[in-house]
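Trainee: Could you help me learn to read salt bridges and the places where they sit? I have the picture ready.

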Amino acid sequence: MEKVSNILSLVLKILAVLVLLITAAFSMATAYIMFAPDDYPKPFYLQYLYPTAESGTLLPASEHSSGTVAQAVVEPVLAQPGSGVMINTGTKIINLTDPSGRKYIRVAVVLEFNPPAVDPEAEESGGAHGGEETATDPITEFTTEITAKLPVIDDNIITLLSSKSFEQLYTAEGKEGLRNEIRDRINQALPGYTVIAVYFTEFVVE
């Protein structure tokens with residue numbers, strides 16, 4: 001019986017040593033894979049993921065540091081309010097949502113769009129031809145494009161205003177909220193164009 005006990009004890013000691021050796025080898029291998037330079041031979045290489053500007057999207061480290069990917073997620077630079085292209089949508093008289101039907105708003109809305117990017121080479125060639133400069137002026141072309149879309153702009157503004165009540169608009173907070181709603185609505189209706197500011201040159205709620 002004592003002999004069997006000695007054998008079991010020896011087996012347990014051997015197993016314990018094997019477990020320790022395997023654990024140590026595994027730890028060393030993990031440390032080597034994680035911390036050794038990538039130009040060293042490894043059984044496999046770790047791939048790190050980084051978040052991009054769009055929340056929830058992950059890119060591999062190699063793409064995260066490349067210039068091409070960085071350009072894809074960079075948003076266009078917006079002009080400061082007051083330096084964009086002004087489009088006057090005219091004066092509108094619209095009935096508000098009121099049980100009596102007697103409340104209305106008279107408002108003149110000016111939209112300021114982010115100006116188009118100007119190609120320096122095209123600008124120089126246009127200036128060199130003198131009389132052709134106006135015809136190829138990107139701001140003039142941009143204004144013409146937006147003017148052609150005024151029916152869409154007017155429809156969105158009228159639809160939005162006709163859903164408002166007197167109580168929602170007569171305060172300063174109401175006017176500021178309306179500016180933001182008009183801006184967001186037009187930006188959604190006209191993809192490719194960006195309204196950076198909304199101005200009221202006339203605003204009467206009665």
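Mentor: Let's start with accessibility: buried means under 20% relative accessible area, exposed over 50%, and partly exposed in between (1.4 Å probe, protein chains only). Glu176 has 39% relative accessibility, so Glu176 counts as partly exposed. This is a predicted model, where local features need pLDDT of at least 70, side-chain atom pairs count only at pLDDT 80 or more, and totals for chains, interfaces and linings use all residues. Residues are numbered from 1 along each chain as its sequence is written, and side-chain values use heavy atoms, with hydrogens and water left out.

Trainee: Which residue meets Glu176 in a salt bridge?

Mentor: A salt bridge is a side-chain nitrogen of Lys or Arg within 4 Å of a carboxyl oxygen of Asp or Glu. For Glu176 the partner is Arg179, at 3.2 Å from N to O. Both lie in helix H8 (residues 172–189), three residues apart, so about one helical turn separates them. Helices (H or I, at least four residues) and strands (E, at least two) are DSSP runs, numbered from the N terminus.

Trainee: How many salt bridges does the structure hold?

Mentor: Five. One of them joins Asp154 and Lys92, with the closest N and O atoms 3.2 Å apart. Asp154 belongs to helix H6 (residues 150–161) and Lys92 to strand S3 (residues 85–95), so this pair ties together parts 62 residues apart in sequence.

Trainee: Is Lys92 buried or exposed?

Mentor: Lys92 is buried, at 7% relative accessibility, whereas Asp154 is partly exposed at 22%.
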